[in-house]
Amino acid sequence: MSKLLEDLKYRDLVYQQTDEEGIKKLLEREQVSIYCGTDPTGNSLHIGHLLPFLTLKRFQQHGHRPVVVIGGGTGIIGDPSGRSEERQLQSLDVIKENAKRLEAQLRNIFRGDDNILFVNNYDWLSDISMIEFLRDYGKLVNINYLLAKDSISSRLENGLSFTEFSYTVLQGIDYAHLNEHHNVKMQIGGSDQWGNITTGLEIMRKLRGDVEAYGFTIPLMLKADGTKFGKSTGGAVWLDPEQTTPYEFYQFWFNTADTEVIPALKKFTFLEKEIIDKLSESVEKEPNLRLAQKALAEEMVKIVHGEQALESALNITKALFSGDIKALTSKELAQAVKGLPKSELDKQECNIIDFLVDSSIVSSKRQAREDVTNGAIYINGDKITDLDYIVSQKDHLEGNYTIIRRGKKNYLLVEYK
């Protein structure tokens, strides 16, 4: 077995292969062009999209050429896979703008690697007329063949438009086009893409006979309770740093449960087996140190956002832990406050006791006085022990907010109306 396939199996990144022996021989014989795609139905990818592209990067590290397809054409239609209802269609202008943003996010993940091709399937799908689609491709795919696919059969009871019914044929056209024009011989994707991948192989076989091409899928990443990995309490964890800051991104991975951290390290990071084994031992013997979670968080921020973003995320983490808020740059401060619970106040100036009660970080003046006297209250990182302290304009960061810390970890952002 090739070292690449052995590593993929160790990391539990192999789910289905159209021809395991054929794929093994192909990868050992030549440098292979391998494609993975995504549709720009939103303006950012989230971490649920990461695994196929990180797996594509693993192929690249072993000398193969990644081909990344941004689905500017298929995105207009929408993939029915994994959905229970019809997708809301978006305008072509929105799709085009989303495509630019997604390509930038993916280029960042593959940064520093020259042996890669980015394409947009709108460039060839938009040239096919309806008559050509039905004549040249519709005849190649049997209705019974399509109805047997999970992505289609699972939607029949609730209803499926002809538009989404046709999606798998469009993606099949993609594979045939890439095989003919870019010598792409392998497509990878999540397990929900198996039906689309095999449709591409079927179309190629009908068009050109015995074409050498394969499909490879990755298991769905699940949490210990069986739910999808990748969602936080606030919703999706985005790759766009404006929607999920690098600090929030770091915190998401750092908060991974002990039962899930080693599988995540294997699947998402490029750390070697020996390092992961040591971190696994640490989870067993010294879980309180959270060394595995720290390694996971650091690696993921580096992969998605880069070294500088990781440095900022670590600075914010350190500042919030120590209370040294003023050590942060304006940009870091903006990241730090984004995820904090918030309270709004009308008063621009008031006594510390009233300030704590009005902001709702404490429930009573008695509790406020106790906390101040005991040294448990910090304003913008400065400990306040004076019961007569006046919170005023001098305590307004960036002119419009104040950060309260109560105890070691209880933070609150006070914004002024």
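User: Before we start, what should I keep in mind about the numbering and the model?

Analyst: Residues are numbered from 1 along each chain as its sequence is written, and since this is a predicted model, local features need pLDDT of at least 70, side-chain atom pairs count only at pLDDT 80 or more, and totals for chains, interfaces and linings use all residues. Side-chain values use heavy atoms, with hydrogens and water left out.

User: Fine. How many helices and strands are there in the protein?

Analyst: Helices (H or I, at least four residues) and strands (E, at least two) are DSSP runs numbered from the N terminus. Here you get 20 helices and 15 strands. Along the principal axes, the C-alpha atoms fill a box of roughly 85 × 50 × 40 Å.

User: Which domains does the assignment give?

Analyst: Domain bounds come from an automatic or database domain assignment. For this protein that gives domain 1 (3-218), domain 2 (231-338) and domain 3 (342-416). The C-alpha centres of domain 2 and domain 3 are 29 Å apart. Contact means heavy atoms within 4.5 Å, and eleven residues of domain 2 are in contact with twelve of domain 3.

User: What share of the residues is buried?

Analyst: Buried means under 20% relative accessible area, exposed over 50%, and partly exposed in between (1.4 Å probe, protein chains only). Of the 417 residues, 51% are buried.

User: Now the annotation. Where does UniProt place the "binding site" feature?

Analyst: UniProt positions are in the numbering used here, feature names are shortened, and annotations may be inferred rather than shown by experiment. The unreviewed UniProt entry puts "binding site" at Tyr35, Tyr167 and Gln171.

User: Is Tyr167 buried or exposed?

Analyst: Tyr167 counts as buried because its relative accessibility is 2%. You'll find Tyr167 in helix α11 (residues 167-182). Leaving aside neighbours within four places in sequence, Tyr167 is in contact with Asp39, Thr74, Ile77, Gly78, Asp79, Pro80 and Asn196.

User: And what does Gln171 touch?

Analyst: First, a general point: an α-helix has 3.6 residues a turn, so residues three or four places apart point the same way. Gln171 is also in helix α11, and with a relative accessible area of 8% Gln171 is buried. Not counting residues up to four places away in sequence, Gln171 touches Tyr35, Thr74, Gln187, Gln193, Asn196 and Ile197.

User: How do I read helix packing, say at what angle α15 and α16 pack?

Analyst: Axes are lines fitted to C-alpha atoms, for helices over the stretch in contact, and angles run from 0 to 180 degrees between N-to-C directions. Under 35 degrees counts as roughly parallel, over 145 as roughly antiparallel, 65 to 115 as roughly perpendicular, and the rest as oblique. Helix α15 (residues 273-285) and helix α16 (residues 291-305) pack at about 140 degrees, axes 8 Å apart, so α15 and α16 are oblique to each other. Leu279, Ser282 and Val283 in α15 meet Leu291, Ala292 and Ala295 in α16.

User: Which residues of α14 are buried, and what covers them?

Analyst: In helix α14 (residues 258-268), the buried ones are Glu260, Val261, Ile262, Ala264, Leu265, Lys267 and Phe268. Their cover includes α3 (50-61), α13 (246-254), α15 and α16.

User: Last one: where does Ala368 lie?

Analyst: Ala368 lies in helix α20 (residues 365-373), and with a relative accessible area of 0% Ala368 is buried. Not counting residues up to four places away in sequence, Ala368 touches Ile353, Leu356, Val357 and Val362.
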